[in-house]
Amino acid sequence: MSQPTPSYVLGHDPEELARLERQAAIYDAATRRLFLAAGIGAGQHVLDLGCGAGDVSLLAGELVGSAGAVIGVDRSAAALATARRRAEARGLSQVRFVEGELEALSLEPVDAVVGRFVLMHQPDPARALTHAAAHARPGGVVAVMESHLTALGPGWHSWPHSPAYQRLLDWMLPIISAAGGRIDMGLQLRRTFLAAGLPEPVLEVHATPAGADAPAMVRYMADSLRSMRPTAERLGAPCPSGDGIDALEHDMLEEAARPGAIINGPVVVTAWARRP
Ligand SMILES: C[S@@+](CC[C@H](N)C(=O)[O-])C[C@H]1O[C@@H](n2cnc3c(N)ncnc32)[C@H](O)[C@@H]1O
């Protein structure tokens with residue numbers, strides 16, 4: 001069966017770039033933990049694949065310090081403009097950004113190649129990882145984080161069960177698939193690392209439960225669907241109207257306000273290995 005034509009599902013509107021910044025707050029701790037476990041630290045050189053608004057590059061820049069260097073790569077000039085502004089505002093002159101396609105990169109070898117939520121958007125994740133990992137020096141690290149959206153089923157995504165959340169996922173997951181995105185990339189990471197010629201990766205799974213902070217998670221999920229609307233329209237994939245998404249968000253917020261309720265955000269899987 002042929003793969004659907006890839007088309008980056010979330011786009012790069014200003015609202016989407018702001019959503020990426022809010023997303024970073026949800027995943028910062030797990031990303032930091034991955035980088036520390038993989039030994040990313042002072043003085044190292046890091047390549048960040050698909051840097052978007054720059055959050056992973058900024059975190060890496062903080063860890064490597066002024067003696068290190070980080071290059072964030074993305075195909076979107078709009079995303080890179082935001083990323084550059086943010087790095088400058090934080091005084092992180094060791095972080096720079098380059099426009100480009102992942103599989104067309106040709107850069108100096110680095111100590112670590114990292115990426116978050118980017119392999120899921122590649123038509124051939126193993127081929128993309130093979131190309132990217134070639135930028136790690138021998139003994140260098142490859143460390144990535146990807147979501148496993150298919151884990152968001154009834155019985156896991158919420159307690160008590162949130163019917164509105166289920167409706168949102170019923171819209172969202174087929175749109176991602178229609179755009180060629182992989183909703184099960186998280187558990188494909190081991191296979192992808194091995195197919196890219198990397199050693200057995202160290203794997204971890206992280207849940208993202210939201211209780212008192214459920215409104216932020218509900219907004220994150222609703223905003224994700226909002227960012228997907230233009231792609232859904234272009235691909236002819238079913239998607240609620242703007243008002244329809246507002247109504248879903250409203251219902252999810254009411255359901256998340258029930259006593260003791262939990263809304264689980266996407267399950268994420270981290271994987272890292274050292275290049276032989
Ligand atoms: C979901 S965003 C993640 C951004 C960032 N890694 C983060 O976690 O905040 C994915 C980013 O990867 C970029 N991207 C996806 N495929 C790419 C490719 N083949 N070459 C360059 N950039 C790519 C998109 O433009 C987008 O900005």
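Accessible areas here come from the Shrake-Rupley method with a 1.4 Å probe, and for residues only the protein chains shown count as cover. This is a predicted model, in which local features need pLDDT of at least 70 and side-chain atom pairs count only at pLDDT 80 or more, while totals for chains, interfaces and linings use all residues. Residues are numbered from 1 along each chain as its sequence is written, and side-chain values use heavy atoms, with hydrogens and water left out.

**Whole protein**

Start with everything selected. The accessible surface comes to about 11800 Å², and 57% of it belongs to carbon and sulfur atoms. Switch to a C-alpha trace: along its principal axes it spans about 50 × 45 × 35 Å. In cartoon view there are eight helices and eight strands, taken as DSSP runs (helices H or I, at least four residues; strands E, at least two) and numbered from the N terminus. The radius of gyration is 18 Å, close to the 19 Å that the globule rule gives for 276 residues, so the protein is as compact as a globular protein of that length. That radius is taken over C-alpha atoms, and the rule is 2.2 Å times the number of residues to the power 0.38.

Buried residues make up 55% of the 276, where buried means under 20% relative accessible area (1.4 Å probe, protein chains only). Of the contacts between residues at least 6 apart in sequence, 82% join residues at least 24 apart; a contact means heavy atoms within 4.5 Å.

**Helices α5 and α8**

Select residues 163-178 (α5) and 242-256 (α8), which pack at an angle of about 140° with their axes 7 Å apart. Axes are lines fitted to C-alpha atoms, for helices over the stretch in contact, and angles run from 0 to 180 degrees between N-to-C directions. Now show side chains: P163, A164, Y165, R167, L168 and W171 of α5 meet L248, D251, M252 and E255 of α8.

**Loops**

Go to P160, in the loop between β6 (158-159) and α5.

G180 is buried, with a relative accessible area of 9%. Draw a distance from its C-alpha atom to that of D223, 43 residues away along the chain: the separation is 20 Å.

Finish at F117, in the loop between β4 (110-116) and α4 (125-133). F117 counts as buried at 12% relative accessibility.

Methods. Buried < 20%, exposed > 50% of the residue type's maximum accessible area, 1.4 Å probe, protein only.
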